[in-house]
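Please look at the sequence together with the fold shown below, and keep both at hand while reading the paragraphs that follow.

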Amino acid sequence: MIPGNRMLMVILLCQVVLEESSHASLIPEEGKKKVLGLQGRQSHELLEDFEATLLRMFGLQRRPRPSSSAVVPQYMMDLYRLQSGEAEETGIYDTAFEYPERSASRANTVRGFHHEEHMEQVDLGGQEVGNLPFRFIFNLSSIPEDELLSSAELRLYRQRIDKPMPHSDDEGLHRINVYEVLKPLQAGQLITRLLDTRLVRHNASRWESFDVSPAVLRWTRDRLPNHGLAVEVLHLHRTPYQQGRHVRISRSLHQVPGEDWNQLRPLLVTFGHDGKGHPLTRRTKRSSKQRGRKRNRNCRRHSLYVDFSDVGWNDWIVAPPGYQAFYCHGECPFPLADHLNSTNHAIVQTLVNSVNTNIPKACCVPTELSAISMLYLDEHDKVVLKNYQEMVVEGCGCR
């Protein structure tokens, strides 16, 4: 059964215990004496089954329990807001944020990884700190085997240096090189392969994105050893104040008092697809207004708000806090009117029912469904942005 249909089954189960209202909860509150006519242990088992069903639908083996040190990168939050349409609705987002149209169009899952700081290595090679290279290890073991990665990028933050204007055009330039580490440190040298490079000025604070897809695909798809990535900063015209401090790649180098290192540290972002549903698409947030007249008993869409805090999931689901799932309910009377969005088969079935009640009437069911995006922390404290298909009822009809 496809995930969307499983979600609809859960919603239908909710309808048994919930009255129709403008704001319905996801599940009955724990502590109530009766749930679906069950008491005590049976009620607790029902709640556990509810949670297990939703976790399977979200592709999780167990309920994530984030640690206090878990961090949600601002990039992932901005990506969610733009992808879900929330940014356009609220107008709160970084206007300089560049939406990764090409990468997102081939993926329904985006994952963010910080490097393992305790494994951070530097090979000075007799050079000053400003000339790096630094080696970073990213643990990608949480990516499921059935998720096919299409691209990956390494994001590095560079900070503006407010100094007098350079004497020459190349004085304010530096080059950032990103390498794949092919072999561990040998004889004081890293064996590397260049992945991406960029020539930039130090006159602006911004994130730089580097394509590291070849390396990440080798590690995940081809199962080759992951020896990490190396970053090197080279200045075309070096001055003492430029010694690498504007490129934020290590907590230990040129630390600035009061800065939020957790939000400035290097970030590896992967774009993949699990073969289910459609890729991410940047879209405008749809209106959640109900259609039709409330007193009309015919088939129509009704409000059903799914609140993730009702199952205590607000500690690992970053966004959204809940969403309008809606559900379809109402009569499919004879004769079926055009606005009931009926199929020819439903019209015939309703016609036969009018003369033979042994044949049931057509049913009021969803005829149009849309996706939602969820930003959450998985079982490994990794941040995931995922597109889930067929989660919201957009239209109802008699079928």
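Leaving aside neighbours within four places in sequence, Phe58 is in contact (heavy atoms within 4.5 Å) with Phe308, Trp313, Trp316, Met374, Tyr376, Tyr388 and Met391. This is a predicted model, in which local features need pLDDT of at least 70 and side-chain atom pairs count only at pLDDT 80 or more, while totals for chains, interfaces and linings use all residues. Residues are numbered from 1 along each chain as its sequence is written, and side-chain values use heavy atoms, with hydrogens and water left out.

Phe58 and Trp313 touch the most other members of the largest nonpolar core, which holds 32 residues. Such a core is a set of buried Ala, Val, Leu, Ile, Met, Phe, Trp, Tyr and Cys residues joined through side-chain atoms within 4.5 Å, where buried means under 20% relative accessible area (1.4 Å probe, protein chains only). Two or more residues come from each of α2 (40-57), β16 (364-377) and β17 (383-398), helices being DSSP runs of H or I with at least four residues and strands runs of E with at least two, numbered from the N terminus. The most is given by β17, with 7 residues. A second, separate core of 25 residues includes Leu156, Phe210, Val212 and Leu268.

Turning to the strands, β8 (residues 229-235) is mostly covered, with 6 of its 7 residues buried. Strands pair if DSSP finds at least two bridges between them; β3 (residues 134-136) is joined to β8 by 3 bridges in an antiparallel arrangement, and Phe134 stands opposite Val231 in β8. Strand β5 (residues 173-186) also runs antiparallel to β8, through 7 bridges, with Ile176 opposite Val233 in β8.

Notes: Buried means under 20% relative accessible area, exposed over 50%, partly exposed in between (1.4 Å probe, protein chains only).
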